[in-house]
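Open your viewer and get ready to select residues by number. We will go stop by stop.

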Amino acid sequence: MLPNSSAFLLLTSLLAAIPANADGIYTKKSPVLQLNQKTYGSIIANSNYTSIVEFYAPWCGHCQNLKGPYEKAAENLNGLAKVAAVNCDEDENKPFCSQMGVQGFPTLKIVTPSKKPGQPRVEDYQGGRTANAIINAVVDRIPNHVKRATDKDLDKWLGQNEERPKAILFTEKGSTSSLIRALAIDFLNAIDIAQVRNKEPASVEKFGISKFPTLVVVPGGDAEPKLYEGELKKKPMTEFLSHFANPNPDATGQPATNPKSKPKPKSSKPAKAAPVADDADTEEVPDAKPAGVPPIPTLATPESLESTCLAAKSNTCLLALLPEQSEEAAKSTALESLAEITHRHSKRGAHIFPIYAVPEINSGSQNLYNALGLQGSKSVEIIAINARRGWWRRYENAEDFGIAAVEQWIDAIRLGEGTKEKLPEGLVVEAKVDSESEKPKQVERDEL
């Protein structure tokens, strides 16, 4: 092992010997932002967003292997955090890479905003080289600027910075959704954002809220509150909030020196309230019965279930457990929704966790029911299970197996939100390989 000074000198000499203008790994169409020293300052260091930055060299095999997972992470973190890369092969970047303490490739650093503008906290990323691991590490460090307001302190919060617009999400949920957290970062110091639960009767009555969730904007001054109506996507919600204040310059991932102009208001007339999905994202669409969509694969034997999702090295699987006594309508809706979600991601080149149907003819499903305490259930169950990390999570909304509800639950898992249960001992098994034809199915384990 070389001492740090020797490693630094060796890296510097290697960088100096590399030809200039080397082609980078990421294309212009890549979701990964490509930086140099100047744009690092404007896009990353001065940003309100948490970022992860990869320092790489195109000739590095480990860097090339990381490209796929890193771009998947960038796609999934779009609107929540910034995923960027610096090509240390380029002459203009070599001093910057050395300045950032890069001593090998790839080096990843997580950059978190601090109270001092332009002086973020920078830490080395020490996690796994999979999209899921990168996403989890970054999401854990995303600031939450959403005020949790109650009947006791809502009026006080509204009275602070009275001329500044304020947005309030009235919701039945106790957790803060990723969408509202992202909007709070987009409009930091421009619009204050709070969340109020339906258990706060005085606040609910004050704004005449009858549906949950509902988004209300208090423009400031003597203006009347405005209720949001529109598509359940970040872009139109951002445009609506932009009627009251400009978003931060880098809200769309652009440099702070090149902000987009404020959208022109379509109408200042208040609209009727429309429900806003707590975890709605840019892919939210209405439920619809899919047509011509391939069904999800079936794990029909205990061996296939064990080798695919319960082996010691298995990562996250989504399983639809289908008891014979469950209602056919519930089975059909759940399977169609899961198939459509898989098909939708596949069409745009994105990936989610592998999803399987487990019928009751698979005797392993009964063992799974018993081990997870579901043995009394005669209904369809959708669960996420990660044998390698030892956790599982149940889809609790048995009344709604529609596409939007199920996809919202899947997105929460992908972003590390919600509570996971510990897997009981004895459920995870070593993969069995009795013959060439019975080898465990190989699943791409860094799929999301």
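Helices (H or I, at least four residues) and strands (E, at least two) are DSSP runs, numbered from the N terminus. This is a predicted model: local features need pLDDT of at least 70, side-chain atom pairs count only at pLDDT 80 or more, and totals for chains, interfaces and linings use all residues. Residues are numbered from 1 along each chain as its sequence is written, and side-chain values use heavy atoms, with hydrogens and water left out.

**Stop 1: helix α11**

Select residues 328-347, which form helix α11. Now pick out Lys331 and Glu328. They form a salt bridge, with the closest N and O atoms 3.6 Å apart. A salt bridge here is a side-chain nitrogen of Lys or Arg within 4 Å of a carboxyl oxygen of Asp or Glu. Why are the two separated by about one helical turn? Because they are three residues apart in α11.

Check how covered each partner is. Buried means under 20% relative accessible area, exposed over 50%, and partly exposed in between (1.4 Å probe, protein chains only). Lys331 is buried at 14%. Glu328 is exposed at 56%.

**Stop 2: a network**

Select Arg121, Glu123 and Arg141. Salt bridges that share partners join them into one network. Look at Glu123 and Arg121: their side chains meet at 3.2 Å, N to O. Arg121 is partly exposed, with a relative accessible area of 47%. By the same rule, the count comes to 11 salt bridges.

**Stop 3: helix α3**

Next, select Glu71 and Lys67. Both lie in helix α3, four residues apart, about one turn of the helix. Is Glu71 buried or exposed? Glu71 counts as buried, at 16% relative accessibility. Lys67 is partly exposed, at 26%.

**Stop 4: the core**

Select Tyr40, Ile52, Val53, Phe55 and Tyr70. Of the 48 residues in the largest nonpolar core, these touch the most other members. A nonpolar core is a set of buried Ala, Val, Leu, Ile, Met, Phe, Trp, Tyr and Cys residues joined through side-chain atoms within 4.5 Å. Elements giving two or more residues to this core include α2 (37-45), β2 (51-56) and α3 (61-76). The largest share, seven residues, comes from α5.

**Stop 5**

Finally, select Glu163. This residue is found in the loop between α6 (154-159) and β7 (166-171). Glu163 is exposed, with a relative accessible area of 63%.
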